[in-house]
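Please look over the structure below before reading on. The briefing after it moves from the overall build to single residues.

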Amino acid sequence: MIATSMMPSLSTRRLSMQLSDTKKIRLNVTIDDVSPHTRSSIVPVLEYKKMLPGKKITLFIPTAHWRTVRQEVATQYPLRLSQNEQFCQQLLDLPSVLFECAYHGEFHGRPFISDNDELMGLNYDEACAKFESMLNEVKLAGLEKRMTMIIRPPAWRMSAAAIRAARSFGFALALIDVDYAKETYAGEDELENDVIYSNLVYPQNDVTKIDCDSSICYHASNWDKGLLSQQALEQLTTVLNRDNVQTVHMSELLAEKKKKSYELS
Ligand SMILES: [Zn+2]
């Protein structure tokens, strides 16, 4: 006679069936505006590291973060990476296997016009000058090897000419598929297979309802409602600790996208 304790109970069997049937989901967690700004700093990233050991994340960094319009968050000068050694060292100290660093404009805004939309109104030459300046700043700061060639435009908007210019520098694109942003791309984004579109933005979308491979956007700026706050981190922790959810970098999603389109062609 077989001891009943050796037999998996019906509920255990059901559960293991459910687990093996559960779809694997890859989640790219991203955080924008990580910078030397005291109110938009690396702190939420360090909290993520503490609360979610072993989980991946992509950081989007302006190379000379400069808010000029809203007085509470404005600074007198641009916060250039090369002039903020401690911040750069903190980035270098993060293990690159887990923390991917990518580009989020130079200033983030258009000085004394807007704190956003830096890449929205640029023509091709202006965009090339902007990217040249960003890459020089990263070089000066000694972060060249730490940065991945992916760019996300501040406030998502980017002119078609800026998209063409970014591609000529070898940038892949981190964009969003919503009307107000898509209009500025004017179809240019769809011409190449080098774009990852975020499909979740905190707090507008509920990350706990995730049911497919996704890229979610949080913010480091503590004036933004999308801040990766302690509460947001706790919610994210419940999602990332699910057995079927795996964190990936944006560059991994891009590589897979390219591979798939190669196989189809
Ligand atoms: Zn931003």
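This is a predicted model: local features need pLDDT of at least 70, side-chain atom pairs count only at pLDDT 80 or more; totals for chains, interfaces and linings use all residues.

Two residues are taken to be in contact if their C-beta atoms, placed from the backbone, lie within 7 Å. By that rule, and leaving aside its neighbours within four places in sequence, Leu59 is in contact with Ile31, Val34, Val45, Phe99, Glu100, Cys101 and Ala102.

**Overall build**

- The protein has eight helices and 11 strands, and its radius of gyration of 20 Å is close to the 18 Å that the globule rule gives for 265 residues, so the protein is as compact as a globular protein of that length.
- The C-alpha trace of the protein spans about 80 × 45 × 30 Å when it is taken along the principal axes.
- Of the 265 residues, 37% count as buried.
- Among the contacts between residues at least 6 apart in sequence, 72% join residues that are at least 24 apart.

**The largest nonpolar core**

- The largest nonpolar core holds 61 residues, and those that touch the most other members are Ile31, Leu59, Ala102 and Leu173.
- Strand β7, which covers residues 172–176, gives the most to this core, with five residues.
- Two of the residues named for this core, Ile31 and Ala102, are also among the contacts of Leu59.

**Strand β1 and its partners**

- With strand β10, residues 214–219, β1 runs parallel, and six bridges join the two; in β10, the bridge partner of Leu27 is Ser214.
- Strand β11, residues 245–247, also pairs with β1 in the parallel sense, over three bridges, and here Leu27 stands opposite Thr247.
- Leu27 therefore has a partner in β10 and another in β11, while a residue with a buried count is one that has 20 or more other C-beta atoms within 10 Å of its own.
- Strand β2, residues 57–61, pairs with β1 in the parallel sense over three bridges, and in β2 the bridge partner of Ile31 is Leu59.
- Between these two strands the chain crosses from β1 through helix α2, residues 43–51, to β2, and this β-α-β crossover is right-handed.

**Backbone details in the loops**

- Where does a cis peptide bond occur? It joins Tyr202 and Pro203, with omega at about 0°, and Pro203 has its place in the loop between β9, residues 200–201, and β10.
- His108 has a positive phi of about 90° although it is not a glycine, and His108 is found in the loop between β5, residues 99–103, and α4, residues 124–140.
- Is His108 buried or exposed? With 33 C-beta neighbours inside 10 Å, His108 counts as buried.
- Ala155 likewise has a positive phi, of about 60°, although it is not a glycine, and Ala155 lies in the loop between β6, residues 147–151, and α5, residues 160–168.
- Ala155 has 21 C-beta neighbours inside 10 Å and so counts as buried.

Note on methods:
Residues are numbered from 1 along each chain as its sequence is written. Helices (H or I, at least four residues) and strands (E, at least two) are DSSP runs, numbered from the N terminus. The radius of gyration is taken over C-alpha atoms; the globule rule is 2.2 Å times the number of residues to the power 0.38. A residue is buried if 20 or more other C-beta atoms lie within 10 Å of its own, exposed if 12 or fewer, and partly exposed in between; C-beta atoms are placed from the backbone. A nonpolar core is a set of buried Ala, Val, Leu, Ile, Met, Phe, Trp, Tyr and Cys residues joined through C-beta atoms within 7 Å. Two strands pair if DSSP finds at least two bridges between them. A crossover is right-handed if, with the strands pointing away from the viewer, the path from the first strand over the helix to the second runs clockwise.
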